[in-house]
Amino acid sequence: MPDQFSNSQVIRKPAVSAKGGIVAAQSRKAAEVGAEVLANGGDCVDAVIATTFALGVLEPWMSGAGGGGAMVLYRARDNRVEVIDYGMRAPDSLRVQDFPLTDGAASDIFPWARVKDDRNLHGPGSIAVPGVVAGMEEAHRRHGRLPWKDLLAPSVKLAGEGLLVDWWTTAMIASSAADLRRYPASAAAYLQDGLPPNAQWGVRSTVRMPQDKLKATMAQLAAAGPRDFYQGDLARSIADDIQAAGGALSVRDLASFRAHSRDPLAIPYRGGTVYATPELTAGPTMARTLGLLQKAFTPANGGPDAATYTAYAEALQAAYRERLKDMGDVDGRRSLGAEAIAPSCTTHFSAVDRDGNMAAVTQTLLSNFGSKFVTPSTGLTMNNGIMWFDPAQGNPNSLAPGKRCLTNYTPVVAQAADGRRLAAGASGGRRILPAVSQLLSFVMDYGMDLDAAIHQPRIDASEGAVVIGDVRLPVAVRESLRGRFDFEEARIQNLPMKFACPSLVLRDGATNSGATEPFQPWGDAVPEA
């Protein structure tokens with residue numbers, strides 16, 4: 001792909017190390033919130049809850065209370081790994097006849113038939129039952145030390161300050177402005193005179209978008225507790241706003257939603273174990289990928305070589321062929337997923353505390369700004385999870401009431417043969433699995449520390465026959481890949497990202513470290529003070 005960018009620019013983001021806890025997130029300010037919770041004596045799970053709600057305020061185009069996700073937790077005292085699944089599902093009150101097909105293909109990230117007025121892509125009809133609050137409720141019930149209201153206090157404060165506009169904020173809002181302006185509350189929250197806001201040039205000038213409704217919602221959620229989101233005043237406000245605008249989500253849909261504790265997939269790898277999310281995630285495809293990799297190559301001295309990257313590409317392509325072939329309905333037996341060609345709107349963060357408890361957490365609204373619909377009463381940006389379903393009936397993943405959404409995310413916790421533990425994941429739709437698989441290999445096959453692993457060039461093999469290689473790969477590796485695959489080179493960049501965006505933490509003995517994607521402009525790993 002032709003480009004105009006510098007070939008000599010070098011960007012690095014060093015990993016950080018500490019004896020205390022670390023939070024690695026796509027937003028430094030959110031990671032700071034989690035790190036402060038750790039410094040105040042909180043458990044790793046307390047940091048997860050505080051970071052989650054801070055992210056919903058700071059990068060509302062990626063995740064928030066209106067989305068869903070999953071986390072993998074390692075509990076050091078019990079030497080146990082568990083999964084909390086809070087993925088979204090279609091409302092029971094959804095009517096398939098409200099999504100009639102029309103000519104053409106869908107205009108967003110899945111190759112579905114087009115629905116009249118793109119009702120499944122944006123707006124109130126595209127909203128699935130959100131799970132983030134239920135996921136945090138379950139995590140807090142199981143492992144939280146600090147009071148719920150204290151963990152939400154930072155998000156209330158951040159919302160009160162307003163959304164700070166810098167060039168990244170402007171870029172994110174601009175990418176969805178055409179749809180945000182369709183809905184009055186969305187336009188009021190994110191646009192100025194119908195256009196994306198711009199940061200000022202003056203060094204002391206700041207632009208903030210008020211988030212008063214969101215502040216009130218976070219304060220209500222903090223005071224009333226998580227069930228209020230599903231069975232109280234917040235539930236009624238959310239459902240009333242959505243139904244008034246023509247959506248299906250009801251109070252009954254919210255009241256019946258629960259997060260689920262699940263056993264992780266335990267995947268043997270190179271004398272260690274990778275623990276991944278089961279069922280309706282990319283976890284089982286991860287298991288297939290790692291199984292193929294173990295047989296495909298023997299780690300060479302000096303790091304990944306051409307044979308290694310060839311093995312990565314072949315294993316990923318084979319695993320994806322199986323995934324696409326099997327894509328369909330699942331209830332506890334196998335993982336299938338609607339396949340996004342472009343990166344979706346997702347955030348991933350990882351955390352570790354001083355006691356060695358770890359968390360890998362992935363959350364999403366699906367598209368950038370999800371449904372593009374902000375509920376007027378609450379200021380919450382809602383998901384567009386209905387887009388995960390095939391709107392054509394009679395297919396394995398066809399849209400239906402009450403159906404669980406199929407996802408691409410795969411947060412993992414792993415123990416290497418040398419005893420080190422890793423919590424990792426990424427954002428980026430289909431590109432998540434290739435990134436996480438390679439990062440696991442860098443650490444578990446080649447013994448890399450996080451600084452080396454996060455800066456090691458990767459490939460992507462999630463787009464059918466095409467293999468994409470980082471231009472920083474050695475010439476010999478790129479030429480070898482070009483000789484075996486339909487190969488394209490791409491550079492790591494801010495926008496549009498051609499590879500997934502990972503955040504990870506590692507524990508080696510009593511020392512923790514953390515790292516985030518070097519080209520993510522906001523991301524950082526933050527140690528507790």
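Modeller: Y309 and Y312 are both buried, where buried means under 20% relative accessible area, exposed means over 50% and partly exposed lies in between, using a 1.4 Å probe and protein chains only. This is a predicted model, so local features need pLDDT of at least 70 and side-chain atom pairs count only at pLDDT 80 or more, while totals for chains, interfaces and linings use all residues. Residues are numbered from 1 along each chain as its sequence is written, and side-chain values use heavy atoms, leaving out hydrogens and water.

Now for the rings. Those of Phe, Tyr and Trp (its six-membered ring) pair if their centres lie within 6.5 Å; planes under 30 degrees apart count as stacked, over 60 as edge-to-face and the rest as tilted. This rule gives eleven aromatic pairs. In one of them, the ring centres of Y309 and Y312 are 5.4 Å apart and the planes stand at 85°, so the pair is edge-to-face. Both residues belong to helix α13 (residues 306-326), three residues apart, about one turn of the helix. Helices here are DSSP runs (H or I, at least four residues), and strands are E runs of at least two, numbered from the N terminus.

Y312 also makes an edge-to-face pair with F442, at 6.3 Å centre to centre and 65° between the planes. Because F442 sits in helix α14 (residues 432-444) and Y312 in helix α13, this pair ties together parts that are 130 residues apart in sequence. Y312 counts as buried at 1% relative accessibility, and F442 is buried at 0%.
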